[in-house]
Amino acid sequence: MQRAYDWAMMRAETDIVIAGGGVAGLTAAAAFGTAGFRVTIVDPAPPVTNAGAAGADHRTTAFLQPAREFLMAAGLWERLEPHAMPLDVMRIVDAGGEEPEPRVARDFVASDIGPLPFGWNFPNWLLRREMVARLAELPNVDFRPGTGFRRALARDAEILVDLSDNSGLRAKLLIGADGRHSAVRQAAGIGVKTTRYGQKAVVFAVTHERPHGNVSTEVHRAGGPFTLVPLPDHDGKPCSAVVWMDAGPETKRLAGLGAEAFNAEATARSAGVYGALTLIGPRQVWPIISQIADKMIAARTALVAEAAHVVPPIGAQGLNMSLADLACLHGLADARREGLGDRQMLDAYERRRHLEVRLRVSGVDALNRASIAGAPILRDLRAKGIAALYGAAPVRKTLMQLGLGVRG
Ligand SMILES: Cc1cc2nc3c(=O)[nH]c(=O)nc-3n(C[C@H](O)[C@H](O)[C@H](O)COP(=O)(O)OP(=O)(O)OC[C@H]3O[C@@H](n4cnc5c(N)ncnc54)[C@H](O)[C@@H]3O)c2cc1C
């Protein structure tokens, strides 16, 4: 009995505890903090905010159109905009013939559906830097890097949260933004369905001979897509971030090649779309899976981002789905502040997000399987599919809107 009393009383009070200070958790803290909620955000791993530091995340994130409004409301867009690289065209190239050469290339052009680019690309380490700086401006946000979520006990009107530094908090809502192995999800007893493809991604940046013209290019051959996403010029040369997906052992081999051999293989795999590619930084290898949580809520708890769903990096869906989770949660909290974290709010979140997330995870899974296809007949089918989808303008426009998440 005494233990239960201690568990409840010896703790500071806040409105929202966010477990996880990745890009999703930091964005959540900025959004809820800007809206006036008291927020405590914890992460055992302090954010790396410098490209040259050990542990820096060298992936880039393409924020799609709908993300901008939410980032504005979170006070983040004005910080990010000076670093934004607009994406005006998404080019899909099939190079699945005998030689690694483009045989079908189709452009999805943002100006066909509106005045804005499809999205804007940023290095992940830079996102963390600007997001952490935004949190420092918000007196009602308490960011505790070096401290993790340990366990929670939900009661009717609040949730009691224990942290790894032995401190405790009482809050109305716990947000699990603690990634694909989410401790919050496990503590809530929520299961996941995981799909493994035996695939990994090598992530790196290159300069290239020809300018990218703000075009994001996905080259399909076998093993998964090879995607070039525009970055600002590097030392006066055109530059792109690359995600190269392939079978696990092959990515290991690629990551271990000397720079010259790697440049030659990367240039060949790109089907020469921008001429010779030259590596300009480290290579990082990321595992590729699909995963979806059985539910996105538990008592006084909401799961967001990779804690709830993981998809292969195709069509910039991952973090953009996460921002849609946050925008939904934020809208519900703002509309009925006295109901923060209650059953009504969380049920509405589950209803609005889970099916939509399920459909997107299935869609990206299908695209990835099509891209992995190595048999010539399947590659030919893929090339025909790309040409057919592009051929009909209404279908093309609908696909673009669906991809952006501006049409459900
Ligand atoms: C190669 C690659 C390229 C991608 N490109 C894009 C793209 O262009 N566009 C896009 O939208 N998405 C993209 N994605 C997806 C996107 O990167 C992810 O969705 C995003 O990084 C995941 O963010 P997150 O904050 O959910 O998870 P994470 O970045 O994994 O953050 C989770 C955080 O939780 C912390 N944590 C762990 N345990 C605890 C605990 N017990 N308590 C508190 N905190 C804890 C971790 O330290 C970590 O900082 C890409 C993914 C990959 C693999």
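Predicted model: local features only at pLDDT ≥ 70, side-chain atom pairs only at ≥ 80, totals over all residues.
Which residue, with a positive phi, follows helix H3? That residue is Gly75, and its phi is near 70°.

As a general point, an α-helix has 3.6 residues a turn, so residues three or four places apart point the same way.

Gly75 is a glycine with a positive phi, and in general most residues other than glycine have a negative phi. With that in mind, please look at Asn214, which is not a glycine and yet has a positive phi of about 60°, and which sits in the loop that runs between strand E14 (192–208) and strand E15 (215–220). Ala305 is another residue other than glycine with a positive phi, in this case near 55°, and you will find Ala305 in the loop between strand E21 (301–303) and strand E22 (309–310). Is Ala305 buried or exposed? Ala305 has a relative accessible area of 5%, and because buried means under 20%, Ala305 counts as buried.

Now to the aromatic rings. A pair of aromatic rings is described by the distance of the centres and the angle of the planes, and a search of the whole structure finds 8 aromatic pairs. One of them is formed by Phe32 and Phe37, an edge-to-face pair with 5.8 Å from centre to centre and 70° between the planes, and both of these residues are buried. Trp77 and Phe122 also form an edge-to-face pair, with 6.2 Å centre to centre and 90° between the planes. This second pair links distant parts of the chain, since Trp77 belongs to helix H4 (residues 77–80) while Phe122 belongs to strand E8 (residues 119–123), 45 residues apart. Trp77 and Phe122 are both buried, and together with Phe63 and Trp120 they form one aromatic cluster.

Two arginines also lie over aromatic faces. Arg59 is placed over the face of Trp286, at 3.6 Å from the ring centre, and Arg283 is placed over the face of Phe262, at 4.6 Å from the ring centre.

Let me turn to the ligand. How many residues surround the ligand? There are 29 of them, and the closest are Asp43, Phe149, Glu306, Leu319 and Asn320. For three of these residues I can give you a distance to an oxygen atom of the ligand: 3.1 Å from a polar backbone atom of Glu306, 2.7 Å from a polar backbone atom of Leu319, and 3.0 Å from an N or O atom in the side chain of Asn320. Taken alone, the ligand exposes 1,000 Å², and the protein buries 85% of that. If you want to trace the shell around the ligand through the fold, the elements that give two or more residues to the shell are helix H2 (23–34), strand E3 (39–43), strand E4 (60–64) and helix H9 (318–335). By class, the shell holds 16 nonpolar, 8 polar and 5 charged residues.

Helix H9 also contains Asp325, and because its relative accessibility is 0%, Asp325 counts as buried. Asp325 and His220 are 105 residues apart along the chain, and their C-alpha atoms are separated by 30 Å.

Is His181 buried or exposed? With a relative accessibility of 65%, His181 counts as exposed. The C-alpha atoms of His181 and Ala308 are separated by 9.7 Å, although these two residues are 127 residues apart along the chain.

Gln291 is buried, with a relative accessible area of 7%, and the side chain of Gln291 is joined to the side chain of Thr194 by a polar contact of 2.8 Å.

Key. Residues numbered from 1 in each chain as written. Heavy atoms only, no water. Phe/Tyr/Trp six-rings, centres within 6.5 Å; stacked < 30°, edge-to-face > 60°. Buried < 20%, exposed > 50% of the residue type's maximum accessible area, 1.4 Å probe, protein only. Helix = DSSP H or I, 4+ residues; strand = E, 2+ residues; numbered from the N terminus. Lys NZ or Arg CZ within 6 Å of the ring centre and 35° of its normal. Near = heavy atom within 4 Å. Polar contact = N/O pair within 3.5 Å; in protein donor to acceptor, adjacent residues only side chain to side chain. Areas by Shrake-Rupley, 256 points an atom, 1.4 Å probe, with all protein chains shown as cover. Nonpolar A, V, L, I, M, F, W, Y, C, P; charged D, E, K, R; others polar.
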